[in-house]
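Good morning, colleagues. Please look at the model on the screen while I speak.

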Amino acid sequence: MSGGGVHPARPFREAAQDTLADAQMRRNLRHATTTIREKRKRAVAELPDWEALRVAGAAIKDEALSRLGELLPQLEEAVAKAGGTVHWARDAEEACGIVAKIAQAHGAWEVVKVKSIATDEIELNQALEAKGIHAVETDLAELICQLGEDRPSHILVPAIHRNRAEVRDLFRAKLGADLPTDEPAALAGAARAYLREKFLTTKVAVSGANFAVAETGTVGVVESEGNGRMCLTLPEVLITVMGIEKILPRWEDVATFLRLLPRSSTAERMNPYTSMWTGVRKGDGPREFHLVLLDAGRTDVLADPVGRQTLRCIRCSACLNVCPVYERAGGHAYGSVYPGPIGAILTPQLLGMHDDHANTLPYASSLCGACYDVCPVRIDIPEVLIYLRGKTGHALSERAAMKAVAWAMGDPGRFRLAIRLARRGQGPLVHDGTIRWLPGMLGGWTSVRDAPALPNRSFRELWKERKEGRGE
Amino acid sequence: MTAREEILARVAAAGASPVVAERTPVTASPREREAIVAQFAEYAADYKANVVRVGPEGVAEAVAGLLSGRVLVAPDLPLDWLEFAPPAVEPAEDGEPFPPVPSPPEGRGGIAFVRDDGLTTAELDATDAVLTLCSVAIAETGTVVLDAGMGQGRRAMTLVPDHHVVIVPVERIVDTVPEAVARLAAAVREGRPLTWISGPSATSDIELSRVEGVHGPRRLDVVIVG
């Protein structure tokens, strides 16, 4: 059952201990992320003004977020004028209820779906299942996850944790497909045959949206396989679930994002298919179009002046592909459909930092900043990570220790003395130049890291000796 | 409070002060036409589209060479420039999807054009190819955009058949994505849907191996004219 929600079941460190042990996942993931990192660099280097584009993207998103109160009604009016219906959903439950109601009104016991992380977030498939409506995932990776009863582990390549032999076995078992080989082309062929029948006969489709233009009421879906086009065009009824932060102010803004998104996500100049539609159109596509605007915690994030930039996210997954933590721990360790660096700041903000599992996510980072460098909309993820860390409760002993350290570092003389004492005291802890164990609270550091021993001269001491040696 | 009222109230309470982003006006590319056309051809081919370029007098020949069998066309696609073409056929009443393909005139391959006049999905599925014009093509990315305008048809028409041949007059090729978006504004304001096509369908979902042709036409031919 694809869809996995945003509520981590465990603290990150605990979940990561398990996922780190999955050698196959790590191999697949390392191959995938390394490949796409290089491709992305090439794709981005082709445009002469990538940095200017990032700045423009961030500015447009900031405008959209700051003017949501104006833009959402404007979008609603434009969609309605074009024959669509707009619904508003405060939370996941309400959104699922709206979708179910529309499907039921059309007597649909099966719906086809285009990949939509927002619908995974709200666990739509489970909610529909509970009402006797089966949602068929049509994106190849989501289909794999659905058949394997798995949660997606990557925003873009959700089944990256599965290899081709596993996929072949899954298709044989669940689709009854006759597959003598596990060549990806044969596997995709089996999926195509199974899904084509669904597309040509199913009445109701559910999709997400990459953007919606307030000015014109135009909604856009960016995809590769063509299952999006199938779902958006052939059924009679289309229901699109979209987070309110995906809105763009003007039609012309689409150009900026169509340049930023494909190069950042699949590292292509352009993805194979992008569909854009406004309301309904006689004789072309669905007779009925419903747009469900989803809040589900986004207005909380909006209210935080530092955290608000998180909502700029266009779900490209570039940050996942450069993150050393994600590469090793994998998506499942984050316990949410939003993994990686963006997940580490979005999940806890959507849920609130009081959530005891989600609030461990800001610590799933070495703060290397690679994510910020690649983010097409310049979300300063490290800034938000540190900000969120500041919001977790810290034990009295930790706060006292930090105060002591701040005191010691607050004066050059005190600092020099502290270093000298540490150097003397470290003796018994040093083995082969490293410290692998520290007592008490400090053990939190060394339980997952080796610290280098303090050298017998600090840089300042060496420098001073050098200066004195030269008689300066 | 309705959901709408509550969400808008929460948005207002979030207290973000409105800012307006600076937008750079779109200017026509200063690059030479030939360079732009050549880049479009190259980049479209990169995505495994088959790209050919012909002069206006060679279109009919080129198109005839690429097509065979039942070819779907939009109701408003003129066919007189395809001088060899027999008249378009209608679906038969008696359950047979289409009458048999008429024998080719003048030694050309057998082609029967079928007008998409409210065909059912099953009827669309029974064709061999679809032939369309386009609205705009983009050199920066090797993309062709359809906007339900003349000769392009409804969206299902270019989705269901397995082979799509698109005719791209050189004057419709622009250099950059912003230029294309500007050209498409009028169609969008009229409520017309857009389909941006950059090669045949593809997926890299299994071990990141790129596999062509999942849903949508597995063969894409681009005929650049001019």
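Predicted model: local features only at pLDDT ≥ 70, side-chain atom pairs only at ≥ 80, totals over all residues.

Residues are numbered from 1 along each chain as its sequence is written, chains are lettered from A and ligands numbered from 1 in the order in which they are written, and side-chain values use heavy atoms, with hydrogens and water left out.

Let me begin with the helix pair. Helices (DSSP runs of H or I, at least four residues) and strands (E, at least two) are numbered from the N terminus. Helix H3 of chain A, residues 50–66, packs against helix H12 of chain A, residues 253–265, at an angle of about 120°, and their axes lie 10 Å apart. Axes here are lines fitted to C-alpha atoms over the stretch in contact, and angles run from 0 to 180 degrees between N-to-C directions. H3(A) is therefore oblique to H12(A), given that angles under 35 degrees count as roughly parallel, over 145 as roughly antiparallel, 65 to 115 as roughly perpendicular and the rest as oblique.

I turn to the cavities. On a 1 Å grid over the protein atoms alone, a cavity is a set of points where a 1.4 Å probe fits but cannot get out; a pocket is an open set with protein on both sides within 12 Å along at least five of seven lines; lining residues have an atom within 4 Å of a point. How many cavities of 30 Å³ or more are there? The count is ten. The largest cavity holds about 110 Å³, a volume being the space filled by probe spheres set on grid points that are joined across faces, edges and corners. Its lining comprises 16 residues, and those closest to the centre are Cys323(A), Pro341(A), Ser365(A), Cys371(A) and Leu385(A). H16(A) gives the most to this lining, with three residues.

Finally, the largest pocket holds about 2,300 Å³. Of its 46 lining residues, Met441(A), Leu442(A), Gly444(A), Trp445(A) and Arg449(A) lie nearest the centre. Which helix gives the most to this lining? H19(A) does, with seven residues.
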